[in-house]
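Here are a few friendly notes to read alongside the model.

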Amino acid sequence: MKLIADRLDRISPSLTIAMTTKARALKAAGRDIIGLASGEPDFDTPRNVKDAAIAAIERGETKYTDVAGTPALRQAVCSRLKADHGIEFKPEEILIATGGKQVIFDALLATINPGDECIIPAPCWVSYPDIVELAEGKPVIVACDQNSGFKLRPEQLEAAITPKTKWFLLNNPCNPTGAAYNAAELKALTDVLMRHPDVWIFTDDIYGKLAYDGFRPATILEVEPRLRDRTVTMNGVSKAYAMTGWRIGYAAAPVALIKQMDKLQSQSTSNTSSVSQAAAVEALTGPQEFIGVMGEAYKRRRDMVVEMLNAAPGLHCLKPEGAFYVFPSMTGCIGKTTAGGVKITDDETFCTALLEETGVACVHGAAFMYPGHFRISYATSDANLKEACTRIQKFCASMH
Amino acid sequence: MPDLAQRLNNVQVSPSAAMTAKAREMRARGINVISLANGEPDFASPPHAIEAAYQAALKGDTKYPPQGGTPALKAAIARKFKRDNNLDYGPDEIIVGNGGKQVIFNGFMATIDPGDEVVIPSPFWVSYADMAKVAGGVPVTVSCPQNNGFKPRPEDIDAAITPRTKWVMLNFPGNPTGAVPSRTELAAIGEVLLRHPHVWILSDDMYEHLLYDGHKFSTIAEVTPGLKDRTLTVNGCSKTYAMTGWRIGFGGAPARLIKGMFNMQGQATAGVSSIGQAAAAAALDGPQELVEERRAIYEQRRDMVVEMLNAAPGVTCHKPEGAFYVFPNLAGCLGKTSKGGRTIESDTDFVAALLEEKHVACVQGAAYGLSPHMRVSYATDTASITEACGRIQEFCRELR
């Protein structure tokens, strides 16, 4: 009798882990490695947030909370959504989870029946299709053109919707492209969704605070409030407040769905850390200047990285609106041979050779269901980025 | 609203969480509720754990933690298993989850295919059955008679195992009864399990350090070493160190199961709060005197609660060996009417009337698979317990 469940076979092996493992091994062997693969801010959590966590511990806030989160944090989420997007939520429409990932997990497992289709614009964070598969749903991947700024066009969405469609999942701004939708662009998509009342909508706004040059990413419900009874708005404190390790994400959704998510969570993990919840209250309601300071640094780095990558032969890099990633195309390098004698056949051979020959670690596009590209995270120091991009330029220039 | 998944149709919200939430809500309305519903120590987390959390936050240990646990915490867990249980687990045989609950959830989701059976000695922590159902499994309960001290009989477990059995659950000291078999009794269960090599065994040892009257703890993988390569040994910091809010549970198991659980956790929540992990490592490695001091206090409370409940007309309370629960029988109260005019026809009626009229929250035995009982947690301060037991006595005296 086999001992492991079929559901795990449906999850794709992590393509990023192989690359990260290799980078770690090279580093351990003494090589000078620059990691541009990480999906987290290089900033530390703001001091006022840490102090709030410590104060909570000292007050004895080390006990179970309600599964869906403390009243204080659920209220803080309501206030933040009101302030940022002008949307009114009540605390019972909010659920606090262990990272945005658990929000996705809770929402999809609470709704997907076997065979239900979920539309996911690609490039995408691979956890979306994986969690859909885990829930026995069917990911429907819709590729977005680089020429459209990696954004889904309304006619593509319309064409992908079938009677089996259960979800439309949007990540705005997007990991790995940094592409973001403004209100007008989103409205074109919500007009399509208005015609399909049986489709749930999931908007992952985790990078929502990270946009540059005055660009303001919109969220589904501010452009189309009539979708409210079937939209999950997901966000968290990981990216905006450099709090990845604290593991706090949240959902705003109709009460009926929140109740189901609460039920699932009560049987899988219960509440998330009480200490982290107290920290998140301070992050959401305390001073917000940190985000601006961090955003300045990200913008400066993005501009430098895009410029330097576009100077590398064979690469083409869009300047995205947000997040802390760029997603250059490397198809101009395919068929060439590196200085180390490796023939570049695809994005994976490119990233592997780049790592082995120059010590720069990136993630190849296939890991985001979009080959021919690679992802660079610029959530690292300016000096590191400059050195890494210089190495990439040399790597590309030395190909023949 | 688009429809929801059938997966959760037969799953209930954790009843103790529901009762606790209700008590909290009544308290927020200014009602003096004493909750004996929750399995949560009333003590503070150990000072050295708090200090470790503080230091971790200050030094910027606020990044994504490794998905299966930090190396430091896994090393501390390995030392704990060796020290307390004489069990050897390597780093690839240990996983850290958001509470023991997630460790069990991961174990089930990684192994259970639709229709697989999970054998659960009853009365039992109800989440076992609900988690099995979320994973598509079928809970099969084995009744543990009160005249056997609520302990499972080996022959009953043997009879419940079929070719479809995937798991056998063991939980000693048990929630909700506090029952603890002797080493000899456990070995007899081990003998049965040795004869069924297709079955995984889950030993939930969360209450390991809460044993009274000189009882000694043993766990199945230690008592019957031949079972270790198919046993998941679950433990955590919540009960032993009064760290419920931090959400740190862990499991030791063969590497192939841990790998499946790791993959599952990667899709559900990723890693556990970095701050919580630092606190947990300190709790496991630090001075252990608090554990014994608190155990002695729990033992005094148990004696008092059992005595006071047995003085309530219609209630008979067995004195358990461990945990911080008693599970009194309410048969003598059925068919009566409360002072507030509520008819008591079941344990569910009893706890509802008790909460409304005397503002004491307990959980009905039905939630644990055995009626007419209720679970009374004495993990709250002695004064509150005394007051609550007084109110229960009064409630019972007033029944007509």
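1. A word on terms before the sheet: two strands pair if DSSP finds at least two bridges between them, while strands (E, at least two residues) and helices (H or I, at least four) are DSSP runs numbered from the N terminus. This is a predicted model, in which local features need pLDDT of at least 70, side-chain atom pairs count only at pLDDT 80 or more, and totals for chains, interfaces and linings use all residues. Residues are numbered from 1 along each chain as its sequence is written, with chains lettered from A and ligands numbered from 1 in the order in which they are written.

2. In chain B, 3 strands make an open antiparallel sheet, ordered β9-β14-β13. Since β9 (325–326) and β13 (363–364) of chain B are the edges, each has a single partner strand, so one side of each lacks a neighbour in the sheet. β9(B) and β14(B) (residues 374–377) are joined over 2 bridges, and Val326(B) sits opposite Val376(B).

3. Now the chain interface: 61 residues of chain B are in contact with 64 residues of chain A (contact: C-beta atoms, placed from the backbone, within 7 Å). On chain B's side, α4(B) gives the most, with 7 residues.

4. Chain A is divided into domain 1 (6–44 + 290–397) and domain 2 (61–285), with bounds from an automatic or database domain assignment. Their centres, taken over C-alpha atoms, are 26 Å apart. The contact takes 31 residues from domain 1 of chain A and 34 from domain 2 of chain A. On the domain 1 side, α12(A) gives the most, with 6 residues.

Terms used. Two residues are in contact if their C-beta atoms, placed from the backbone, lie within 7 Å.
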